Amino acid sequence: MDGSKTPLEPPPGANADWTIDQGWAAYSRAEHEVWTTLYERQVALLQDRACTPFLRGLEALDLHGEGIPDFDKINVELMRLTGWQVVAVPGLVPDAVFFEHLAHRRFPAGRFIRTREQLDYLQEPDVFHDVFGHVPMLTDPVFADYMAAYGRGGMRALSKGHLTHLARLYWHTVEFGLMRSDAGLRIYGAGIVSSRAESVFSLDDPSPHRLDFDLVRVMRTPYRIDDFQPAYFVIPSLEDLLAASLQDFAPIYAELEGLDDIPIGEVIGEDGVAHLGDQTYHLARTSPQ
Ligand code: HBI
Ligand code: FE
C-alpha cells in the first residue's frame, strides 16, 4: 500500500502514532459475518497453498471463523510467541509512522472491514487483509524478525530517499511472496492469502513468471497495485529472506544507482526462473493502444 499520499496529521480521535481503539464491542453482526464469510472461503482454499508457518499461525492465534478477532485477545499469544502485537489504525498511515510501528513490533491493522459488495477486492487494507493476511506469519520467529528488520530498514531508507526500493521489497515479499517447500511452491504473502482468486493464480496459472528472489532484482522491479502480479518472487526459506534484510543496504543502494528498473513482466538473463510465464493474463488485459 502506498502511504505517501496520507496526510501527516492523524485524523481526529486517533493518537499521535495514528493508533485508535479497536472498539471490538462496536462491530455489528453484519461486520462479523463478512469476516466469517471471507475466512471460511479462504481457509479451505489455503490448506495446500499457504506455507506451513501461515497455517500454524492461524491455529496458534485461534483465528477461526467466529467473526472479527479481538486484538487484545490475539495479542496475548502473539506477544508470547514473538513479541509482536496488532494495533488498530483508521487506514493507511504515513510511511514514517508505518515503519516506526514495524520497527517496534507493532503491526498497524485497519479497524474497518469491507462490505459484502467488496468481498473480492478493495484497495485499502481492511481488518481481513491485515489480520487474516499479515498477522499469522508474525507468529513465526524468523518472519517476525524480518518484519522488525524491515521496519528499521524502512526508517533508514526514508532518510536516504530509497523508499521506492524498500516498498518494492515489501510488496514482492510481505504482500506477494512465494516460498519453496518439500511439497512445491507455497504462499506467504498477505496480499495473496487474503485474496481468493490470487491464491489460485499465483500458484497454478501458467501466465505469471515465478522467479528466484534476489534483493537487487526485487528492488528494480515495480509492482501492480490494481491487478494480479505478472511475476512472483520465490524465496528458498524465511531464513534466507531474513539474512537478505540483515545485510548492509548501502552497497545495495550504490549498485542500484547504476541499474534501470526492470519492466514488469520481463525476465532478464541473470534471473533464476522457477517458471517462465506466458503472460497471457496480462496480455489479454493490455488496453488497446
Ligand atoms: N499503512 N495501515 C497501513 N498499512 C500498510 O500496509 C501501509 C501503510 N502505510 C505505508 C505502507 N503500507 C507502504 O508505504 C509500505 O508498504 C512501504
Ligand atoms: Fe498488506
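Colleague: Let's start with a single side chain: is Arg168 buried or exposed?

Modeller: First a caution: this is a predicted model. With the cut-off for buried at under 20% relative accessible area, Arg168 counts as buried because its relative accessibility is 7%.

Colleague: Where does Arg168 sit, and which residues does it touch?

Modeller: Arg168 belongs to helix α7. Leaving out residues up to four places away in sequence, it touches the run Val218, Met219, Arg220, Thr221, Pro222 and Tyr223, plus Asp261.

Colleague: On to the metal. Which residues coordinate the iron ion (ligand 2)?

Modeller: Start with the donor atoms and their distances. His129 and His134 each give NE2, and Glu175 gives OE, at 1.9 to 2.1 Å.

Colleague: How are the donor residues spaced in sequence?

Modeller: The pattern is H-x4-H-x40-E. His129 is in helix α5 (residues 127-134) and Glu175 in helix α7 (residues 163-175), so this pair, 46 residues apart, links distant parts of the chain.

Colleague: Are His129 and Glu175 buried or exposed?

Modeller: His129 is buried at 8% relative accessibility, and Glu175 is buried too, at 2%.

Colleague: How should I read a helix, say α3?

Modeller: Check its length before anything else. Helix α3 (residues 71-82) has twelve residues, which at 1.5 Å a residue should span 16 Å; the end C-alpha atoms are 15 Å apart, so the two agree.

Colleague: And which residues of α3 are buried?

Modeller: The general idea is that an α-helix has 3.6 residues a turn, so residues three or four places apart point the same way. In α3 the buried residues are Phe71, Ile74, Asn75, Leu78 and Thr82. They lie on the same side of α3 because they cover an arc of only 110 degrees around the axis. On the other side, Asp72, Lys73, Val76 and Arg80 are exposed.

Colleague: What happens at the start of α3?

Modeller: Look for a side chain reaching to the backbone. Asp70 does that: one of its side-chain oxygens comes to within 3.0 Å of the backbone nitrogen of Asp72.

Colleague: And what comes just after α3?

Modeller: Gly83, with a positive phi of about 80 degrees. It lies in the loop between α3 and β1 and is partly exposed, at 30% relative accessibility. Setting aside residues up to four places away in sequence, Gly83 touches Leu78 and Arg105.

Colleague: Which residues other than glycine have a positive phi?

Modeller: As background, most residues other than glycine have a negative phi. Among those with a positive value here are Trp18, with phi near 75 degrees, and Arg105, near 60 degrees. Trp18 is in the segment before α1 (29-46) and is buried at 4% relative accessibility. Arg105 is in the loop between α4 (95-103) and β2, and is partly exposed at 24%.

Colleague: Now strands. How do β1 and β2 run, and how many bridges join them?

Modeller: They run parallel, joined by five bridges. In one of the pairings, Val86 has Phe107 of β2 as its bridge partner. β2 is mostly covered, with four of its five residues buried.

Colleague: What is the strand order in the open sheet of five strands?

Modeller: The order is β4-β3-β6-β5-β7, with mixed pairing. β4 (186-187) and β7 (273-275) are the edge strands, each pairing on one side only. Strand β3 (residues 178-179) pairs with β4 in the antiparallel sense over two bridges, and Leu178 has Ile187 in β4 as its bridge partner.

Colleague: What does Val234 contact?

Modeller: Val234 is in strand β6 (residues 231-235) and is buried at 2% relative accessibility. Beyond its neighbours within four places in sequence, its contacts include Leu178, Met179, Arg180 and Leu185, as well as Arg210, Leu211, Asp212 and Phe213.

Conventions. Residues are numbered from 1 along each chain as its sequence is written. Chains are lettered from A and ligands numbered from 1 in the order in which they are written. This is a predicted model: local features need pLDDT of at least 70, side-chain atom pairs count only at pLDDT 80 or more; totals for chains, interfaces and linings use all residues. Side-chain values use heavy atoms; hydrogens and water are left out. Donors are N, O and S atoms within 2.8 Å of the metal (3.2 Å for Na, K and Ca); water is not among the atoms, so sites may look incomplete. Buried means under 20% relative accessible area, exposed over 50%, partly exposed in between (1.4 Å probe, protein chains only). Contact means heavy atoms within 4.5 Å. The expected span of a helix is 1.5 Å times one less than its number of residues. The arc is that of the directions from the helix axis to the C-beta atoms. A polar contact is a pair of N or O atoms within 3.5 Å; within protein, one must be able to donate a hydrogen and the other to accept it, and residues adjacent in sequence count only if both atoms are side-chain atoms. Two strands pair if DSSP finds at least two bridges between them.
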